[in-house]
Amino acid sequence: MAQAVIQVAQLKIGYGERCVLKDASFSIGAGEIVGIIGCNGAGKSTLLKTIRGLLPKQGGSVSYFGKPLEAYADKELATKIAYLQQHVEVGFGYTGKDIVMAGRYPYMKWWERESEEDERLALACMEYTGTADLAERPVTEVSGGQKQRILIAKVLAQQTPIIFLDEPTTGLDMVYQEEIFRFAKALAAQGKTVLMVVHELNLASKYCSRILLLGEGTLLADGAPLEVFTEELLSRAYKADICVERDEVNHNLHITTRMSEEAQSREAALLKRICS
Amino acid sequence: MLNKCYGKAAIIMLACLLVLVGCLSLTIGQIDVPFQSAAAVLMQQLGLPFLQDVSLSKEQLAVIWYIRLPRMLVGMLVGGALGISGAVMQGIFSNPLADPGLIGISAGAATGAVVAIALGEAASGMLAMPAFALCGSILAVCLTVFLAMRNGKIPVMTLLLAGVAVGMLLGAITSGILTFMNEQKLAQYLFWMVGGLDYRRWEHVYLAAGPVLVGIFIMLLLARHLNILVLGETEAKAVGMPVLKFRMGLLFVAALTTATSVCVSGNIGFVGLVIPHMMRMLLGPDHRILLPASALGGALFLVFCDCLGRTIIAPAEVRVGIMTAILGSPYFLYLLRRMHKSVF
């Protein structure tokens, strides 16, 4: 087997004293699209932030290309991993191009300026994500979907073998959502490793090559979507009754929640009281 | 590309305007000195081979060389320092309302000054009060940063709140000391509080020039990094920036530069807040253009306000700290009104 791109062993994460997730071990190879799923508060974003080195870990080890996370200098790590965070607030009227150019930062010495080559690359990234016409427009004036595509262009401009996406589809309409997954798939086909936090299970089952399911304070399951997306595992992770149907025609999964009869009747009674 | 040329042209234009206002500042005032004589004083004093044949009265020489020139230079240094520090602070905190005064610098300087006056040190030499004020403001900034620091991070909101708290505490100390002072000392303090450029000598120029020019140079050098820092802590870390190091470094340089300027001229409001905003609206948010433009704009604004203050009710004078506030506050209110617009 080829060398693991990301190697995580016995990882324990959390905030301060509070532990969110422990005993997480997994290794990811080149070209995989790995979706991290789990209910709210399961520690998906915390996991991503911790293995990127943005949060201190409570225990365990993380290494990239066989080298421990701690051994990387700030800039060196930024040439290995690009990270798209959940909410990016950009003020002061920065333009799309300004944002994308930030992706070239790790390649410059502190006294250097962006070269024309950097600029060309940034524009190519914007063209690829369909945002070239927004290059000179302040980011505060573009829509959520456009902003997300600009940020993906920034991540691409960083030219890293590993890409972390933290809930990249939140707040986007379904056309943009699927587009982001298509970008991820195309990048993985180029040999990049994509690790993303996902909420849309149906899209995850369609596009991800592998799923990490977080639940019950640990890594509950790790495997191909068909192995992980079982009623039993999902119900445990989401602490709800979940129904998984397989589409026999194109093998897509349909995942929905099911309500117990007891809960249904209680809700009906409450609704009657509210609406009467 | 277009933007870059536009930015450079704007900076050259600001520099030309600054020279123009500088000339204006040398020639206007109670004693009329024609421009040619003013230029001749400079040339002759600097030993340059121009205008050596122009005859000058003793009075003209004294007015230009010992009164107006140092006054103008102090104005330029202070204005430039306040302008660029304001732009840097707004960038460090990603907050358009951040101002050098906000993290306790002005309050610290005031406390330092009042201590110097109370101890009678202010009378012992021209530099005693600036030195006390400088120590006060540096202590205040250190205290603010120390209070706001959590696990190697400085949350912006905590820092600003800590700045307000430290400012209030020092304000109380200042007022406390003031209540025990006699009238003569009170007048001395008031005179310092309302920032001004009158009676600024070459000593003030020498005191301010070093820290201010070095500070401006360092800030200009790090302008590109500020563009990344403004995107927020996580975003900057994600592209490999050691955020804490840059934040602390820039904060320290901006604080020291501001503190130095407050020491030689007293509190001059609104330059650090208004000028960076004005420049950002005109030239965009790129700090590589914004920082030099803010330095030049600040110098220009301050020297211009000083000229205006000297002539508006001549022979009496409106001190420059009052002029900047009078011109600055309406503009600031206008900014607040349009805050929902895209600039912020």
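Helices here are DSSP runs of H or I with at least four residues, strands are runs of E with at least two, and both are numbered from the N terminus. Okay, with that settled, let's talk cavities, then the interface.

Quick housekeeping. This is a predicted model, so local features need pLDDT of at least 70 and side-chain atom pairs count only at pLDDT 80 or more, while totals for chains, interfaces and linings use all residues. Residues are numbered from 1 along each chain as its sequence is written, chains are lettered from A in the order in which they are written, and side-chain values use heavy atoms, with hydrogens and water left out.

On a 1 Å grid over the protein atoms alone, a cavity is a set of points where a 1.4 Å probe fits but cannot get out; a pocket is an open set with protein on both sides within 12 Å along at least five of seven lines; and lining residues have an atom within 4 Å of a point. Points are joined across faces, edges and corners, and volume is the space filled by probe spheres set on them.

Which element gives the most to its lining? That's helix 6 of chain A, with four residues. The lining includes I180(A), F183(A), A184(A) and L187(A). By class it has 10 nonpolar residues, no polar and no charged ones, where Ala, Val, Leu, Ile, Met, Phe, Trp, Tyr, Cys and Pro are nonpolar, Asp, Glu, Lys and Arg charged, and the others, Gly among them, polar.

Now the second largest pocket, with about 630 Å³ of space. Its lining runs to 28 residues, and nearest the centre are E89(A), S94(B), L231(B), G232(B) and E233(B). Helix 10 of chain B, residues 233-238, gives the most here, with four.

On to the interface. Counting contact as heavy atoms within 4.5 Å, we get 35 residues from chain A and 31 residues from chain B. Together the chains bury about 2,700 Å², 56% of it on carbon and sulfur atoms; that's accessible area (1.4 Å probe) lost on being put together, summed over both parts. On the chain A side, F92(A), Y94(A) and Y105(A) lose the most area, together 32% of what that side buries.

Last bit: salt bridges, meaning a side-chain nitrogen of Lys or Arg within 4 Å of a carboxyl oxygen of Asp or Glu. Between chain A and chain B the count is two. One of them pairs K154(A) with E235(B) at 2.4 Å, N to O. Over all chains the structure holds 22. K154(A) sits in helix 5 of chain A and E235(B) in helix 10 of chain B, so this pair joins two chains.

Technical notes. Buried area = accessible area lost by both parts, 1.4 Å probe.
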